[in-house]
Amino acid sequence: MQDRKYKFSWDLLGDIGLGRPNLGPTTRIEVYRLMQGTFRDILEQNFGTEKADEIFYDSGKLAGQCFYQNVLGDINDFEHLIKVLQDSLLSMGIGVLRVEESDLEKGSFVFTVSEDLDCSGLPELDYEICTYDEGFIAGLLECFTGKGFEVKEVDCWCTGDRTCRFEANISA
């Protein structure tokens, strides 16, 4: 098998202090949404909506796993995980995470993310768009529990809600 050219590694985030001594680690949200929106558009044009969503979900899942390993670290307590995750997402400007329902034994959760990086402030579209976030949450939960998860967005800014709501359940 040929070596992959674009295999992700946390090192590929680079040395922000060295590379951006004047601009630092932040950028405007429009730039992030421009990149995400154009990626999604081209993927959908080339592979169809279902495959584009699958790629976004899988990308989010990889991001969630890498985020867990490199930002959150080895956490064994669910309440501690949520606290550190909330603080990290807030300090990085990703969103405001809340837990609405939690049943660790059954592996069933409902999370909300307000001021979501992907969609807060977008026009109503009559469909949820936070597929990347679904995967991100699945990746985090899988790293924490060691079990597979299915995550589905059930409310979104783009469907008229003012927070994104995700249901997460252990995979069958």
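User: What makes the radius of gyration of the protein agree with that of a compact globule?

Analyst: The radius of gyration is taken over C-alpha atoms, and the globule rule is 2.2 Å times the number of residues to the power 0.38. For 172 residues a compact globule would come near 16 Å, and the protein has 16 Å, so the two agree. Along the principal axes, the C-alpha atoms fill a box of roughly 45 × 40 × 40 Å. This is a predicted model, in which local features need pLDDT of at least 70 and side-chain atom pairs count only at pLDDT 80 or more, while totals for chains, interfaces and linings use all residues. Residues are numbered from 1 along each chain as its sequence is written, and side-chain values use heavy atoms, with hydrogens and water left out.

User: Which order do the elements of the protein follow from the N terminus on?

Analyst: The order is α-α-α-α-β-β-α-β-β, which gives five helices and four strands. Helices (H or I, at least four residues) and strands (E, at least two) are DSSP runs, numbered from the N terminus.

User: Why is leucine 85 called buried?

Analyst: Buried means under 20% relative accessible area, exposed over 50%, and partly exposed in between (1.4 Å probe, protein chains only). Leucine 85 has 7% relative accessibility, so leucine 85 counts as buried. This residue is in helix 4 (residues 78–91). Not counting residues up to four places away in sequence, leucine 85 touches Phe67, Leu72, Leu97 and Leu140, where contact means heavy atoms within 4.5 Å. Leucine 97 is 12 residues from leucine 85 in sequence and 8.0 Å away in space, C-alpha to C-alpha.

User: Why is leucine 12 called exposed?

Analyst: Its relative accessible area is 60%, and therefore leucine 12 is exposed. Leucine 12 lies in the segment before helix 1 (16–19).

User: How do you know that aspartate 116 has no salt bridge, and which side chain of opposite charge is nearest?

Analyst: A salt bridge is a side-chain nitrogen of Lys or Arg within 4 Å of a carboxyl oxygen of Asp or Glu. Lys and Arg count as positive and Asp and Glu as negative; His and the chain ends are not counted. For the buried aspartate 116, the nearest side chain of opposite charge is arginine 33, 5.9 Å away, and there is no salt bridge. Aspartate 116 sits in the loop between strand 2 (108–114) and helix 5 (131–145). Among the residues that aspartate 116 touches are Arg33, Ile94 and Cys164.
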